[in-house]
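This report covers a single protein chain, from its overall make-up to individual side chains. The sequence and structure come first.

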Amino acid sequence: MAGFAHRPNQCKGSDVPVYGGFALVAEPLVRRLRWAYKLYVLNATLKEMFEFGSLDVRPIPLFKTICARGAYFLKHSARIGRAERRCDDCPMFAKGPMKDDIESAGPQRSLPPSSPGTAAVLAAAAFGAAPGVHPLPAAHDVEQRWHRAVALGGQGRYAAARAELSRLRREVGPTGAWASLVASTEASLLRQLGGHRVAAASDGRALAAVGTEAASHGDPDNRIRCVRARCDALTGLAADSLGTGGLAASRDLLTRCTAVLDEAEDADGDAPFLRQRIRLAWVSAETALAGGDFSTARVFADRAAALASGYGSVRHTIKSDLIRAASLTGDADSEPARELAREVFDRCAEHGLIPLRWAAAMMLAGVGGSPEAVAAVNACAATIVRRGGRFVPMGV
């Protein structure tokens, strides 16, 4: 029992006594293993966040600080049976900011919560004139976080967009308009990469989250948000059905969405629901194209383009023109479709809209644009995969 005897001792630079015994041998070892695992997970997480664009500070000083503090701890806890040192020179317990902490607080840091510029930048990136801005400032409320996720998805930064939506989903809970918008945005990301069947589940959750009855009482802003969320879920379900061959179901869902919008516009006017009208025209045009009705598709595509020009969103205008180009492929002369697709392709490059650029490149390759179109398809697909996109094979 001598090994378990009472053996008071003092660590140099510490006033914590150390005692022998099995528990005192195992405890520091477990503590070291826990710290090593935490450092490993944190380092991997930070690297992934930086790679996919969701880290808003410079990572290198942050890595150096983590490694410096972690290495010090592991080094000085190596003596089994000794207490953790809390010396004044230990960087883990430094009372002031370290040099690397100060260096990381440069202009690349996010705007403070009180800055009025954050909301404007994120809104312009999601539904405005600056869809390609990057890096994006950090979000500080629910609406800003949703705008940030939408903008990241439009840029093809799928991993970062999913991470933002995951945080937002935990924040807003399973029901309500915001929960519905989160689910329908997730569905949109899945659908862009061919996952229509999986997206249908998310769109179904979106519709269930907002309910089927109109929010006729309470906050007018929340009532409008509920209508928007319901329409996003219905048009999303229609697009999901279209992607799996359900033309009849798609038409029924579009009819339901039209009825919801008509009723809401009677009460609040059409201005709050421009985005929903644009989406409705998009999916209506795509449904007509799937049925081989190019003239009807052109009517809806032109309507979407006209609405988008008054909405002020560069991304919505570009996508409307892409659908217009698709509606022109039914003509005997493919040159108008090719020219418009080429214009869309160039504008997507200008604004950093990789998913739309990929779709425009595929259309160019289909109408005999040039051999460069095929190379652009592959390049855009590689970028999407590198940013966390997961393509779903057709029919899955």
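## Overall make-up

Of the contacts in the protein chain between residues at least 6 apart in sequence, 59% join residues at least 24 apart; contact means heavy atoms within 4.5 Å. The model is predicted, so to speak of local features requires pLDDT of at least 70 and side-chain atom pairs count only at pLDDT 80 or more, while totals for chains, interfaces and linings use all residues. Residues are numbered from 1 along each chain as its sequence is written, and side-chain values use heavy atoms, with hydrogens and water left out.

The chain has 16 helices and zero strands. Helices (H or I, at least four residues) and strands (E, at least two) are DSSP runs, numbered from the N terminus. Of the 396 residues in the protein chain, 45% are buried. Buried means under 20% relative accessible area, exposed means over 50%, and partly exposed lies in between (1.4 Å probe, protein chains only). The accessible surface of the protein chain is about 19,900 Å², and carbon and sulfur atoms account for 58% of it; these areas come from the Shrake-Rupley method with a 1.4 Å probe, and for residues only the protein chains shown count as cover.

## Aromatic pairs

A pair of aromatic rings is described by the distance of the centres and the angle of the planes. Rings of Phe, Tyr and Trp (its six-membered ring) pair if their centres lie within 6.5 Å; planes under 30 degrees apart count as stacked, over 60 as edge-to-face and the rest as tilted. The structure holds three such pairs. The pair of Phe127 and Trp146 is tilted, because the ring centres are 5.5 Å apart and the planes stand at 45°. This pair links distant parts of the chain, with Phe127 in helix α4 (residues 117-127) and Trp146 in helix α5 (residues 142-154), 19 residues apart. Phe127 is buried at a relative accessible area of 14%, and Trp146 is buried at 7%.

Trp146 also pairs with Trp178, edge-to-face, at 5.8 Å centre to centre and 70° between the planes. Trp146 lies in helix α5 and Trp178 in helix α7 (residues 177-192), so this pair ties together parts 32 residues apart in sequence. Both Trp146 and Trp178 are buried. Phe127, Trp146 and Trp178 form one aromatic cluster.

## Helix α7 and its surroundings

Helix α7 has 16 residues and reaches 23 Å from its first C-alpha to its last, close to the 22 Å expected at 1.5 Å a residue. The expected span is 1.5 Å times one less than the number of residues. In α7, 13 of the 16 residues are buried. The helix is followed by Gly194, whose phi is positive, near 95°.

Arg205 is in helix α8 (residues 196-210) and is partly exposed, at a relative accessible area of 48%. Not counting residues up to four places away in sequence, Arg205 touches Ala183 and Glu186. The C-alpha atoms of Arg205 and Ala183 are separated by 6.5 Å, although the residues are 22 apart along the chain.

## Between α4 and α5

Pro135 lies in the loop between α4 and α5. The peptide bond joining His134 and Pro135 is cis, with omega about 5°.

Gln144 is placed in helix α5 and is buried at 10% relative accessibility. Leaving aside neighbours within four places in sequence, Gln144 is in contact with Thr118, Ala119, Leu122, Ala138 and Ala139.

## Helix α15

Helix α15 (residues 354-366) has 13 residues and reaches 18 Å from its first C-alpha to its last, close to the 18 Å expected at 1.5 Å a residue. Its buried residues are Ile354, Pro355, Leu356, Arg357, Trp358, Ala360, Ala361, Met363 and Leu364. These buried residues pack against α5, α6 (158-172), α7, α13 (314-327), α14 (335-351) and α16 (371-386). Gly368 follows α15 and has a positive phi, near 75°.

Arg357 lies over the face of Phe345, at 3.8 Å from the ring centre. A charge sits over a ring if NZ of Lys or CZ of Arg is within 6 Å of the ring centre and within 35 degrees of the ring normal.

## Cysteines

The structure holds zero disulfides, a disulfide being a pair of cysteine sulfur atoms within 2.5 Å. Cys348 is in no disulfide, and the nearest cysteine sulfur, that of Cys380, is 8.6 Å away. Cys348 is buried, with a relative accessible area of 0%. Cys226 is buried as well, at 8%.
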